[in-house]
Amino acid sequence: MPDGATPVLDVKNLKTVFATRSGEVHAVNSVSFHLRPGELLGVVGESGSGKSVTMMSLLGLLPSPPADVREGSVMLGDRDILQMGAEDLRAVRGREVGFVFQDPMTSLNPVFTVGFQIMEPLRAHMGMTKAQARDRAVDLLELVGIPDARRRLDDYPHQFSGGMRQRVMIAIALACDPKVLIADEPTTALDVTIQAQILELVKELRKKLGMAIIWITHDLGVIAGIADRVMVMYGGQVVEQGPVREVFADPAHPYTRALLRTMPKLHGEREPKLRVIEGQPPILGRHPTACPFSARCAHSHDRCTRENPQRRDIGQGHDVACFWDHRGATA
Amino acid sequence: MTAKRALVQVRDLKLHFPIYGGLLRRQVGAIKAVDGISFDILEGETLGIVGESGCGKSTAGRAVLRLYEATAGSVSIDGEDIGKLGSEALRKKRPTMQMVFQDPQASLNPRMTVAGIIGEPLDEHTSLSKTEKLTRIYELMDAVGLNRDFANRYPHAFSGGQRQRIGIARALALNPKFIVCDEPIAALDVSIQAQVVNLLEELQSRFGLTYMFISHDLSMVRHIADRVAVMYLGKIVEVAPVERLYANPQHPYTEALLSAVPEPDPSLEGQKARIVLVGDVPSPANPPKGCNFCTRCPKVMDICRSVKPETVEVAPGHSVACHLIAQQSTTGRTGGTGAEHKPMTNQQGEVA
C-alpha cells in the first residue's frame, strides 16, 4: 500500500441530521476519514452507529428531507461531491464510485434480467452500444465467478441463489471500473460458507483491478481477514482508526476493547461466562456534548460526560477519540 | 454428566413438506426439510444445532415441539411420545416445553402490553388469581432483568435485546423443563448478544433448564453448548461434545464450516488454511443420490455419489455420517468399493 499517496476519497467533518416527528436525530457527527488508492478500509460498528448513513451521505443517496447533510466536505480527487449538481452526481455514482448493498434480493430489480441490469450502467455512463455492453457484461460475470455467463445474462434475479446474486451485485458495481467501491454489509445476509466464497472473490478482484474499497460490517472477523485499515464507529462518531493489525493487537478505545472481548472465540480456552458491555447504545437526539460511550464505559470519569473527546494520534497511523490512556492497562 | 438421563429422545424424525402441482394439485414431490434425524438431549444440558440456512435446523426445532406434525419418526419428552398424544393431553404437556423465537419483533404481539404477553401462558394454563398472576409476572421480569415499571408498556417501546428478554420471560412463565431456542440472538447486535446468552446460561443453572440451541453462529454455539449436532440438508452429519467437535471435526462439511468462520484476529486470519466450498446447497426437494454433501465435498469419492453413508460412532458420544470415516473404522465391511480412492494402506495391512 503506498503510504503517502494522495487519497482517492477524503471526507472531512461530515455531519448528517435526520428530522423526525420526535425531533432531530444526529446520525453522523463530524466524521472524517480518507481512503488511499488500492486500499481496503473496514468500517465496523453496531446498528445505529452511523456507518451506513455515513456512506450514503457521501453519495447523496439519502432522501432529503428527512436527511440533511449539514456540514463537511467529501473530496473525490479534487472535486467536492457535496457541492455537485444532480447531473454530476449521477455521473459519479456508478461510474467512479460503485456501491454494493447488503441484501442482494431487494437491491436487484426482479422484473429485469440480470444482463439488462449489468448493461444499464455501461450504456448510461460509458456510452457503449448494446453489443459492446453485452460482451462486457459477459466478461464481468466471468470475473465474479458465475459459470456459463453468456447464457445466464438472460436469467432473472430469482433464478440465482443468494451468493450468486451478491456476485451479480458486485459485477454491476464494478461495471464501469470505479476508483472506489463501497460495500455495505455485503456478506451479512449470506451463510458462512458462501461468505467465505465472496471474501475470496473480493481478495482476488483487488489483486486484479486494484480499486480502493470501503467495507462496512459489524463482523470483526471479516475485517480481520480482508482489511488494511479499520475504522470503528459508535454513536455516529469515529472512535478509533488505525492499521488492522495495530487495532486488533492493541485496541485503544474502551469500546473496541470491550467489543473484541465480548465475542466468543472459535479456538482456545472457553470462557465460563461471556463478558458483556452493559447498557444500550445511545439515542442520538442532539449534538453530542459528551463521549457517546461514557454511559457504558468502564473507564469513564466526569470529564467524559462534560466534553466530547476528539481523535488524537497515538502513532503508526492509529488514532483514538478517548481521554483514557490505554497503555499499560489490563482491562 | 454420565448419570444424566435423556430428557428428549428423537428417533428417525422426518418432516417432509408436500409440493402440489399439476391441474389436479396432486402431490408431485416433497421438500425433505428434516430427513431422518436421531439424537438425545440430556437433562440440564444444551445441545447446539448448527448449519446453514435451509439445512432444516429450525424445522427440526419446531418438529421436536410438535409445532409441525412429523412425517415419520418419534419424539419423546420426559418419557412421553408427544407424537401420539391427543390434543388435550398435548395441551397439558405444552407447559413443560417452550420456545424462544428468532425475531423478537415478530414474535411479540404489538397490541399487548409486556404484562399481557408474559401473563398469557398463565391465563391459558393456570388458574391463578389476578394478584398472584401479577406477582408471577413481576418475578419473571426480575428473572430476565426487565424493570418492573415497564410492565404496562408495549413491545415497540423496547430495544431488540429487551424484546428478546420479554420472549424469554414468556417461555419461562410455566416453569418449563425444555426450551428450544431458535436463533435467539441472530437479530441482535454483538454487544447485546453476549447479554442475552449470559441470561440464558444463568436461567439454565438457576432453573435446571434443558436447551436445544439452534444457531448459525459457530463461535456462540461453542460457548453455550455442551454437545453440538451439525446439520446439512435435512440430516445430522456429525454429533460430538463441543470441545471435541471444534478441535477435531471429522466430517468434511464440519471442517469446511469451521474453517469458513472469520476470526477477529488478523495474525490468525493470515495463516489460516481456509476450505472454500464450491457451489450452493442443493434443493431439499431433490437431494443428491448418495451422500447429501457429495456435490460440494472436497473429499468426494465414487461411493458417495451412490450410497448414503451410515452414522458411525468414532468415539464415545461422537458420531459421524461419512464414507471416509466408515471406511477407516470398518475397512473390511465396505471392502474394495472405496478402498482405491483413499490412501489407507496401513489400516488395510493391519486388517489383512
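## Helix H1 of chain B

Helix H1 of chain B (residues 57-64) is largely enclosed by the rest of the structure, because 6 of its 8 residues are buried (under 20% relative accessible area, 1.4 Å probe, protein chains only). Helices here are DSSP runs of H or I, at least four residues, numbered from the N terminus. The buried residues are B:Lys57, B:Thr59, B:Ala60, B:Gly61, B:Ala63 and B:Val64. Just after H1(B), B:Arg66 takes a positive phi of about 55 degrees.

This is a predicted model: local features need pLDDT of at least 70, side-chain atom pairs count only at pLDDT 80 or more, and totals for chains, interfaces and linings use all residues. Residues are numbered from 1 along each chain as its sequence is written, chains are lettered from A in the order written, and side-chain values use heavy atoms, without hydrogens and water.

## The interface of chains A and B

Chain B brings 42 residues into contact with 46 of chain A (heavy atoms within 4.5 Å). The two chains bury about 3,700 Å² between them, 56% of it on carbon and sulfur atoms; this is accessible area (1.4 Å probe) lost on being put together, summed over both. B:Arg222, B:Pro264 and B:Pro266 supply 18% of the area that chain B buries against chain A, more than any other three residues.

The rule finds 1 salt bridge across the interface (side-chain nitrogen of Lys or Arg within 4 Å of a carboxyl oxygen of Asp or Glu). B:Glu243 forms a salt bridge with A:Arg270, with the closest N and O atoms 3.3 Å apart.

Helices H6, H7, H8, H9 and H10 of chain B each give two or more residues to the side that touches chain A. H6(B) gives the most, with 9 residues.

Key. Buried means under 20% relative accessible area, exposed over 50%, partly exposed in between (1.4 Å probe, protein chains only).
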